[in-house]
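Please look through the sequence and the model below before reading on.

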Amino acid sequence: MTKVTMVVNGKTVSAETEGRTLLSAYLREGLGLTGTHVGCDTSQCGACVVHVDGKPVKSCSVFAQDVAGSQVRTIEGMANADGSLGVVQQAFQDHHGLQCGFCTPGMVMSSAALLAENPKPTESEVRHYLEGNICRCTGYHNIVKAVLAASGQDVASVPAE
Amino acid sequence: MYDFEFVKPSTIAEATKALTAEGAQALSGGQTLVPTMKQRLAAPGVLVCLTGIAETKGVCKGDGGLHVGAATPHAVVAREAASHYPALAALAGGIGDPAVRNRGTLGGSIANNDPAACYPSAVLGSGATVVTNKRKIAADDYFQGMFTTALEEGEFITEVAFPIPEKAAYVKFNQPASRFALTAVFVAKYADGVRVAVTGASNDGVFRWSEAEEALSKDFSAAALAGLSVDHSDFISDLHGTPAYRGNLVKVLTARAVAAA
C-alpha cells in the first residue's frame, strides 16, 4: 500500500492506495466522498467526472497514484461557503435538470468546466461539451437549459420538455 | 482489475529502465488501457506511467515541422497546434469528449493503433516521424496492422514530428456512441505530393489510399476522384457498416476533405 496525498476541495487529504486504486475509489472509499458516482466504470458515461488541476476528467479511468499531489474538485466542493447550492447546482434544481440524479454530479462538474472555459456558451456548445455525460432520465433538454441559465443567459424562450 | 506496481518516472532514462522490469507495460493517458485492464484483457505486473516526463509534453515548431510530445493530451494539441497545423488541431479536438481529451495522449493513441482511432491517420497522412526512446521511425514503417506497430519491447514514443502541409483536412464520419471514427480520412497536400490516410475502414488499420494520392497530386480537387474506387475486400464489417458501405464512405470523405482543405 502507498499513501497518496492530494488537495480535495481545498483540503489536504491522504489515503492508502494500491497501484490499481482508481481516483473514483480513492474519493469514495478512501475519503468517503460518495458524491462522485461510478456509472459504467468504462469511461463512457461521465457520472464520475471530477476536476483535476482545473480540468474535467473521468475519475474511473485515472489511477489515484497518477494524480498524487494534484488539486481535485468534486461535487462536494461545488456548494457555496454557507452550504447553499452553487450556481450550477441551483440552476439544475430550478430547471429540473435531473430526475434520478445519478448522472448529476458528473453533469454539474462538466458544466462547471464548460462555463469556466466558455462563460456564455450557445445551446449547441453546451450539447457538444456534454457529449461525454450520459443521462438516461431527462432527455437532456432541461440539463442544457440549466447550464444556459447558470451562465446567466435568458432561458425563457428555451422550450422545456 | 488485478493489482500491479505503479511507477511514474520523471525522465526518459528512468522510464527506459523501469520498462525493462518483468511484466512491465507503458501507460499514457489510460483512456484505453485502463478499461482494458478492468476487463482483465491486460494484466501487467508493473505499470510505467509516462505522463510525468516533462520533455515528452508540449507542442513546438522546430526543424522537422510541428513537434508534439507523446504525453501531450488531445485538449492541449487542439489548443496549441491550432495556429501551426489547424487540421491536426481540429482532429485532436474531435477525439472522444472533453474529459477524455484532458487525459488521452498522442503517444498512447498511436502506440495502441486502434483501427478506428483518429490520430494514426494524421501521423500517416502527414508522413510524420515517430521518435522513441531508442530511434526515429517513419510513419510509413511505423503502422503495421490492427493494434500492431513497429514498437519493440521496452520502446516508447517520446514525440512525433509532423511536417506542416500547404493544406490539410480531416473528415470523420462519427460513430456517435463510441465517438471513434466509423470511417475517417486525413488528406494533406505537400509541395512534393498529396497524402491520403484512411482510418476506421480496413482490418489492417490505418492505410494510405495510393490511387487517390496519385490523382490528387495531379489535380487537387474532389473531381479528380471521380473514376476511383477503393478496394474494400479486407474492410471492417460490423453492425454499423458493411465493407462496401465503408468503401463508399472513404471516397465521399476524401472528396469532402479535399474540399475542406
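In the contact between the two chains, 23 residues come from chain A and 27 residues from chain B, where contact means heavy atoms within 4.5 Å. This is a predicted model, in which local features need pLDDT of at least 70 and side-chain atom pairs count only at pLDDT 80 or more, while totals for chains, interfaces and linings use all residues. Residues are numbered from 1 along each chain as its sequence is written, chains are lettered from A and ligands numbered from 1 in the order in which they are written, and side-chain values use heavy atoms, with hydrogens and water left out.

The size of an interface is often given as the accessible area lost when the parts come together. Chain A and chain B bury about 2000 Å² between them, with 53% of that area on carbon and sulfur atoms; buried area is the accessible area, found with a 1.4 Å probe, that two parts lose on being put together, summed over both. Of the area that chain A buries against chain B, A:Arg20, A:Phe63 and A:Asp66 supply 31%, which is more than any other three residues.

Side chains of opposite charge can pair when their charged atoms come close. Across the interface of chain A and chain B there are 4 salt bridges, a salt bridge being a side-chain nitrogen of Lys or Arg within 4 Å of a carboxyl oxygen of Asp or Glu. B:Asp97 forms a salt bridge with A:Lys58, and the closest N and O atoms of this pair are 2.6 Å apart. On the side of chain A that touches chain B, S4(A) gives the most, with 4 residues; helices (H or I, at least four residues) and strands (E, at least two) are DSSP runs, numbered from the N terminus.

Where in the model is the second largest pocket lined? A pocket is defined on a 1 Å grid over the protein atoms alone, as an open set of points where a 1.4 Å probe fits, with protein on both sides within 12 Å along at least five of seven lines, and its lining residues have an atom within 4 Å of a point. About 450 Å³ of space lies in the second largest pocket, a volume being the space filled by probe spheres set on the grid points, which are joined across faces, edges and corners. Of the 18 residues that line this pocket, the closest to its centre are A:Asp53, B:Lys57, B:Pro73, B:Asn102 and B:Arg103. Two elements give two or more residues to the lining, namely strand S4 (55-58) of chain A and helix H3 (74-80) of chain B, and H3(B) gives the largest share, 3 residues.

A:Asp53 sits in the loop between S3 and S4 of chain A, and its phi is near 50°, a positive value in a residue other than glycine. B:Arg179, which is not a glycine either, has a positive phi of about 65°, and B:Arg179 is placed in the loop between strand S9 (167-174) and strand S10 (181-190) of chain B. Most residues other than glycine have a negative phi.

Over all chains, the whole structure holds 14 salt bridges. In one of them the side chains of B:Glu152 and B:Arg135 meet at 3.9 Å, N to O.
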